[in-house]
Amino acid sequence: MDSELKPTQRQSTASKLGFSPLLVVAFVLIAMVGTLVDRQNREAAQQELRISVGERIGLIRAKLEGNINGNIQLVRGLISTLKTEPEMPQGRFAELSSHLFTGNSQLRNIAAAPDLIVSLMYPMAGNERAIGLDYRQNAAQRAMAMAVRDGAEIVIAGPVDLVQGGEGIIGRFPVFTGEAGESGFWGIVSAVIDTERLYRDSGLLDPDLPIDVAIIGQDASGGSGAQFFGPVSVLASSPVTAEVALPNGSWLLAAVPKNGWNQPSAAVWWQRLLIIIAGILVLLPIAIAERLSEQRKTSMRDLRIREEHLQRLSRRLELALDASNVGVWELNLETDELVWDDRMRELYDLPPDIETPNVDVWSSTLHPDDAQRALDEFDEALQSRGQYQSNFRVILRNGDIRHIRAKAAVHNVGNAPRIIGLNWDVTADVKLHDALTQAKSQMEHRNAELEATKAKIEHMALHDSLTGLPNRRFLDSELSRPETGEQPETLSHALLIVDLDRFKQINDTFGHAAGDALLVHVSAILRTLARPSDFVARIGGDEFVIVCRQDADEKQLTALAESIVDQMRAPMQYHGKECRFGVSIGISTSEYGTSEASHLLVNADLALYQAKSTGRNRFAFFTPELQANTLRAKTLADDIMRGIEEREFRPYYQLQFDASSHRITGVEALARWHHPKHGILTPDRFLDASEEFNLTAAIDREVLKQTLADVKTWTLHGLDIPRASVNVSAQRLLDPTLPERLATLDIEPGTLSFELVESIFLDDCDDIVLRNIESIKAMGIDIEIDDFGTGRTSIVSLMKLNPRRLKIDRQLIIPMTESRASRKLAKSVIEIGKSLNIEVVAEGVETMRHAELLKKLGCDILQGYAFAQPMPAAELMRRAGNSAELSA
């Protein structure tokens, strides 16, 4: 075909190619106006989009501020109550705090640290280790606590990673008590806000949110702080910002649309369509007029002009084919003459020496894998004289492979049928298709991996990583699951709490790896013994739960508990060593009027406490009597706390006398409760409850303060009492701040003794107790061992402690007058004291016969009803005026 076009014809066609000046000017003007209008429309759409983003981020900011301020106000309400009740107990604190966790609060836990020592916590579960934390002694917390105290303002910190899992925002509130102008620093209240719930309630986690949001300002540091939420790319995308005001600073919110600022807008496209239509309406009449004018001129031209016009059309077609990289071929079906244009020769990379291609030349370039199929499709088209379409590969001279797509149709030109077709290179399309297919396959594989990872994460979130059992979170979900099948009132639910005995000793003796092996061993036993319908979970370090959803009577539960206890008695083999342990089990059922899971759990915990208190390695059922006993103990403890606040606990003094001269050597301060309803109560009425609820130390402090005041009064009135002995409980000796507290009291060295029961200073005594005892002795306070002879103290432990005095328990003294063995035991204790240069005090001296025997045995000091009964300070002052009453 190219050989038929002469060079002069091509030049003529090129010189006449173009549009009229009027049409070009109109097109340029319309294009400029359209471009300007389109730009303005896009800017207006983007501005509207920024306004929309600003409205959404403003709503999120308002929700964040509202939720945070709401939580702060809830805590401030609690602080207001603390100001009026500075001695608030844990029970009262928990009751008030529980109201803060209802409704839409995002609070996770609340702790109060009076005098910078954490002693109040809600919820307590999972946070027990924080009780007793002294901010002043903790290097990590000291600076924060001082900043809160000195700044007298709330301090917001976080978000921070929590030990219990997840993230939290910590608000620390200083608490001051007293009247205006006389306020004193009470302590700190710390509240943890769950960030996930805060984000969700503020709309940040809404899956339908059309914007990406980032939050900057870790620890309320504002826009200059670190980013802690959202994609990092938000800050680099010209975001809309808003400031979240916090009590001690602020956060900066930044937001951009999820699809970017240049996302397509339907309104913009409609406006572009209108611009195009308007341009067409303007250009169309001009083009029609130009066309009519050209037709008028053309009609006046002769045959030569028409031929030239035909040549121009041919040239345009050639240019179009060249621009589209499409090769054209023609085959005469009568003569088998094949004509290729230059583009066809380029597509097949034919060498220059092949001037006239034919079907054999074409077939020689085909890829061996495609050759037969391509030839069959071509033959079929020739035979059917219909449409021809095929895709195949050809091999170029340099070995490269090119993908060709061919289309053709049979036409009759005169009496000679011809097939005319097109070939074009689709290699890029094939490669793109292959790349997309591979990307799709990779994406499907990635999605499968993500689904598997998601399932694994969900499993890990609900199961204990060590034993594989459901964890506390799964248990809570299981307990809150509604019943199915039978009605709840027709079912008998049961819950067993299984707590390991001697788990700490195994950890300390064999190491934590042995402890982990023991937990796995126990979980396997519980899985084996539990029924398929039962739910077994590990909820704590050494605590497991079995939930029996199906009908289970007391006989079945007893058999299950006995099986567990028996199985746990068998030692576990660990690296050739036997690890012996046991379990205590608490069982609660819906028999006693409750099927709520939370009540069953509380009741089972009470039963577990009962099982442990009766000797461990056994089980106990919850009963109403057990609940009543617990309620009575709690009521008594509340009454004791009230009595401490009302200063109803007072010391009664029993005089001590020299065994030889019977002169007064000191007094022992004995606690008595002046109860407003029950009169004067001795320690046997309140000591057990006070120890169970950790109130003994408070009673000791009150008795010590009153004793020191009475000693000063006696001295001012000329009454010579050389020494006063005061009992000190184990709870108080475990207080690391005891020496500092005693240093604030006016104690004259040598005038005060602390009596320690023998069980406090056993051979495995706590290091804190030993350090406190040494500090007490350094302050000039004597140490006495009370009730000696009833415990298991070794001579080595006695030498290590080096007390000033030993007190022989009354159980050894009273039978002395009748029992020779008792006298021998008393003599042995006295000889031990003498050999260690320790004074020996005998208590329980009821008769003068006791006094004579003890004197002969070498006892130093006597105390008992034979000399004087316990009496209040005022009576001791009165009787001091009559020395006969105080003598033997």
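Predicted model: local features only at pLDDT ≥ 70, side-chain atom pairs only at ≥ 80, totals over all residues.

Biologist: How many helices and strands are in the protein chain?

Modeller: The protein chain has 27 helices and 30 strands. Its C-alpha trace spans about 165 × 70 × 55 Å along the principal axes.

Biologist: What is its radius of gyration, against that of a compact globule of 888 residues?

Modeller: The protein chain has 48 Å, while such a globule would be near 29 Å. Buried residues make up 41% of the 888 residues.

Biologist: Now the charges. How do I read a salt bridge?

Modeller: Side chains of opposite charge can pair when their charged atoms come close. The count here is 39 salt bridges. Take K504 and D508, at 2.8 Å from N to O. Both lie in helix α13, four residues apart, about one turn of the helix.

Biologist: Is K504 buried or exposed?

Modeller: K504 is exposed, because its relative accessible area is 57% and the cut-off for exposed is over 50%. D508 is exposed too, at 55%.

Biologist: Which residue forms a salt bridge with E784?

Modeller: R805 does, with the closest N and O atoms 3.1 Å apart. E784 lies in strand β27 and R805 in strand β28, so the pair ties together parts that are 21 residues apart in sequence. E784 is buried, at 0% relative accessible area. R805 is buried as well, at 5%. Both belong to a network of salt bridges that also links R723, D782, R804 and E839.

Biologist: Which residues form a negative surface patch?

Modeller: D551, D553, E554 and E591 do. E591 sits in the loop between β20 and α16.

Terms used: Residues numbered from 1 in each chain as written. Heavy atoms only, no water. Patch = residues over 30% accessible without salt bridge, like charges linked within 9 Å, V, L, I, M, F, W, Y side chains within 5 Å. Areas by Shrake-Rupley, 256 points an atom, 1.4 Å probe, with all protein chains shown as cover. Salt bridge = Lys/Arg side-chain N within 4 Å of Asp/Glu carboxyl O. Lys, Arg positive; Asp, Glu negative; His and termini not counted. Charge placed at Lys NZ, Arg CZ, Asp CG, Glu CD. Helix = DSSP H or I, 4+ residues; strand = E, 2+ residues; numbered from the N terminus. Rg over C-alpha atoms; globule rule 2.2 N^0.38 Å. Buried < 20%, exposed > 50% of the residue type's maximum accessible area, 1.4 Å probe, protein only.
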